[in-house]
Amino acid sequence: APRPPAAVSAVISQRVAPGAEESFRAWGQKIAAAQAQFPGFQGYKVTPPIPAIQDDWVTVVQFDTDAHLNDWLASRERLALLEEAAPFLSDVHAR
């Protein structure tokens, strides 16, 4: 039987403004719920900053295919949520 293709991931690092961690966590719940509605979603993991090692919150989002991952990354829902987070995010990088 053909093996299903390996999952694909996006690594998203976000710099959260000092004191805005609670807002970021609450917003994180909303974006997690939104991405879970998208086809091919397989899960995500959030790693908070590690003092003296990494300043950013790092999220790894996993989908079954590139196409499904890109549908989410380019989605109107995600862009609206990023806009909502603009007041407490100073830096966002996805790779």
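**Pocket, salt bridges and rings**

Colleague: Which elements each supply at least two residues of the lining of the largest pocket?
Modeller: Strand 1 (8-16), helix 1 (21-36), strand 2 (41-47), strand 3 (57-63) and helix 3 (76-85) each do. Helices (H or I, at least four residues) and strands (E, at least two) are DSSP runs, numbered from the N terminus. This is a predicted model, where local features need pLDDT of at least 70 and side-chain atom pairs pLDDT 80 or more, while totals for chains, interfaces and linings use all residues. Residues are numbered from 1 along each chain as its sequence is written, and side-chain values use heavy atoms, leaving out hydrogens and water.

Colleague: OK, which one gives the most to that lining?
Modeller: Helix 1, with eight residues. The lining of the largest pocket has 18 residues, and Trp27, Gly28, Ile31, Val46 and Thr59 lie nearest the pocket's centre. A pocket here is an open set of points on a 1 Å grid over the protein atoms alone where a 1.4 Å probe fits, with protein on both sides within 12 Å along at least five of seven lines; lining residues have an atom within 4 Å of a point.

Colleague: How do the lining residues divide into nonpolar, polar and charged?
Modeller: Eleven are nonpolar, five polar and two charged. Asp, Glu, Lys and Arg count as charged; Ala, Val, Leu, Ile, Met, Phe, Trp, Tyr, Cys and Pro as nonpolar; the others, Gly among them, as polar.

Colleague: Switching topic: how many salt bridges in the whole structure?
Modeller: Three, each a side-chain nitrogen of Lys or Arg within 4 Å of a carboxyl oxygen of Asp or Glu. Asp56 pairs with Arg15, the closest N and O atoms being 2.4 Å apart. Asp56 sits in the loop between strand 2 and strand 3 and Arg15 in strand 1, so this bridge ties together parts 41 residues apart in sequence.

Colleague: Is Asp56 buried or exposed?
Modeller: Buried, at 13% relative accessibility, whereas Arg15 is partly exposed at 31%. Buried means under 20% relative accessible area, exposed over 50%, partly exposed in between (1.4 Å probe, protein chains only).

Colleague: And which residue forms a salt bridge with Lys30?
Modeller: Glu84, with the closest N and O atoms 2.5 Å apart. That pair also links distant parts of the chain, with Glu84 in helix 3 and Lys30 in helix 1, 54 residues apart. Both ends are partly exposed: Glu84 at 39% and Lys30 at 44%. Then Arg25 and Glu22 meet at 3.6 Å, N to O; they are three residues apart in helix 1, about one helical turn. Glu22 is exposed at 57%, while Arg25 is partly exposed at 43%.

Colleague: What about rings, how many aromatic pairs are there?
Modeller: Five. Phe24 and Trp27 make a tilted one, 5.7 Å centre to centre with 35° between the planes. Rings of Phe, Tyr and Trp (its six-membered ring) pair if their centres lie within 6.5 Å; planes under 30 degrees apart are stacked, over 60 edge-to-face, the rest tilted. Phe24 and Trp27 both lie in helix 1, three residues apart. Phe24 is buried at 5%, and Trp27 is buried at 4%.

Colleague: Which residue does Trp27 pair with edge-to-face?
Modeller: Phe88, at 6.3 Å centre to centre and 75° between the planes. Trp27 is in helix 1 and Phe88 in the loop between helix 3 and strand 4 (89-94), so the pair ties together parts 61 residues apart in sequence. Phe88 is buried, as is Trp27.

Colleague: So which residues do ring pairs link into a cluster?
Modeller: Phe24, Trp27, Trp57 and Phe88. Trp27 also shows up among the residues nearest the centre of the largest pocket.
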